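Colleague: Could you take me through one part of this model in some detail? I would like to follow a single residue and what surrounds it.

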Amino acid sequence: MKHLKILLFLLFSTTLIGQNNAIAAGEKLTYTASYNMSGILTDLAQVTMETSAVKTSKAALLRLKCTAATYSKWDNFFKIRDLYESYVNPKTLTPYLYNRNINEGSYFKKMKYSYSHKTKTVKSVQTKKNNYVENKNVSISAGTKDIVSTLYMLRVFNYASMSKGQSKSFNILFDRKELKGQITYLGKETIATAIGDKICYKLAIGSNQTNVLQGKNNNFLWLTADENKIPVYGKFKIPVGNGELKIKSATGLKN
């Protein structure tokens with residue numbers, strides 16, 4: 001389950017990116033995360049994605065916050081309370097600060113990234129058990145992002161410029177390492193969701209990391225084919241099993 005968000009590995013490509021016209025402060029997306037247990041797909045957790053405006057002494061930022069929590073009936077079996085958040089430029093979604101706070105059963109981790117885009121470096125601070133703090137500077141490629149800012153950046157891509165079957169690559173920083181990923185546009189598809197039938201862009205997502213995503217045709221994401229481009233459904237396969245992410249509600253949309 002600690003790889004739940006790996007499903008959301010996405011793309012950075014300057015040929016597809018425009019200004020952010022899809023995401024504003026006040027948006028809230030809620031999902032049900034299901035996992036295959038003994039051959040039965042079971043609803044285990046709620047995933048929430050929220051945006052809010054944050055002002056600092058130097059800039060006005062957009063906070064992108066993602067949380068995951070098991071439903072109470074599963075807490076005694078395997079309790080999850082995870083937080084991922086990225087503070088970004090509201091117009092370009094360029095990240096400046098990233099926090100990750102993982103609490104899953106006996107597994108605990110805190111990670112903080114501070115970006116220096118001019119020098120293409122990230123200052124990372126990891127807090128381990130017994131409050132041991134480890135500092136490390138990491139070199140990154142141009143355009144490399146954390147999981148959260150990459151996910152939201154996907155929603156400003158211009159899919160009208162992509163042909164069916166076209167693929168693009170991306171870099172994402174996870175656990176202080178750059179991972180290579182790829183996204184393939186598979187065309188439009190209408191699917192039934194909890195917020196109604198939606199015409200969607202269907203995307204296949206892959207990674208060269210075999211300990212993250214499994215197979216070339218096992219991981220898919222559906223985004224609404226409108227100005228908001230919100231993720232409404234996802235299917236994933238990881239080393240310890242497979243599951244789904246299904247939208248429950250969407251409020252505060254910009255468009």
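What follows is a close look at one lysine and its surroundings.

Colleague: Where does lysine 229 sit in the chain, is it buried or exposed, and which residues is it in contact with?

Modeller: Happy to. Please keep in mind that this is a predicted model. For orientation, the chain has two helices and 14 strands, and buried residues make up 47% of its 255 residues. Among contacts between residues at least 6 apart in sequence, 51% join residues at least 24 apart.

Lysine 229 belongs to the loop between strand S12 (220-224) and strand S13 (231-238). Its phi is positive, about 50 degrees, although the residue is not a glycine. With a relative accessible area of 13%, lysine 229 falls under the 20% limit and therefore counts as buried. Even so, lysine 229 has no salt bridge: aspartate 226, the nearest side chain of opposite charge, is 7.0 Å away. A salt bridge would need a nitrogen-oxygen pair within 4 Å.

What does lysine 229 touch instead? Leaving aside neighbours within four places in sequence, its contacts are Arg155, Phe157, Tyr159, Tyr201, Leu223 and Thr224. Phe157, Tyr159 and Tyr201 form one aromatic cluster together with Tyr185. The structure holds eight aromatic pairs. In the pair of phenylalanine 157 and tyrosine 159, the ring centres are 6.4 Å apart and the planes stand at 65 degrees, so this pair is edge-to-face. Both phenylalanine 157 and tyrosine 159 are buried.

Tyrosine 159 deserves a moment of its own. Not counting residues up to four places away in sequence, tyrosine 159 touches Leu154, Tyr185, Tyr201, Leu203, Leu223 and Lys229. Tyrosine 159 is also a member of the largest nonpolar core, which has 55 residues; along with Leu93, Tyr152, Leu154 and Val232, it touches the most other members. In soluble globular proteins, nonpolar side chains tend to be buried together.

For contrast, consider another lysine, lysine 202. At 19% relative accessibility, lysine 202 counts as buried, but this one does have a salt bridge, with glutamate 189, the closest N and O atoms being 3.8 Å apart. Lysine 202 lies in strand S11 (residues 196-207) and glutamate 189 in strand S10, so the bridge ties together parts that are 13 residues apart in sequence. Glutamate 189 is partly exposed, at 31% relative accessibility. The charged end of lysine 202 also sits over the ring of phenylalanine 220, 4.9 Å from its centre.

Arginine 176 is buried, with a relative accessible area of 10%. Arginine 100 counts as buried at 4% relative accessibility, whereas aspartate 175 is partly exposed at 28%.

How values were computed
Residues numbered from 1 in each chain as written. Predicted model: local features only at pLDDT ≥ 70, side-chain atom pairs only at ≥ 80, totals over all residues. Heavy atoms only, no water. Helix = DSSP H or I, 4+ residues; strand = E, 2+ residues; numbered from the N terminus. Buried < 20%, exposed > 50% of the residue type's maximum accessible area, 1.4 Å probe, protein only. Lys, Arg positive; Asp, Glu negative; His and termini not counted. Contact = heavy atoms within 4.5 Å. Phe/Tyr/Trp six-rings, centres within 6.5 Å; stacked < 30°, edge-to-face > 60°. Lys NZ or Arg CZ within 6 Å of the ring centre and 35° of its normal. Core = buried A, V, L, I, M, F, W, Y, C linked by side-chain atoms within 4.5 Å.
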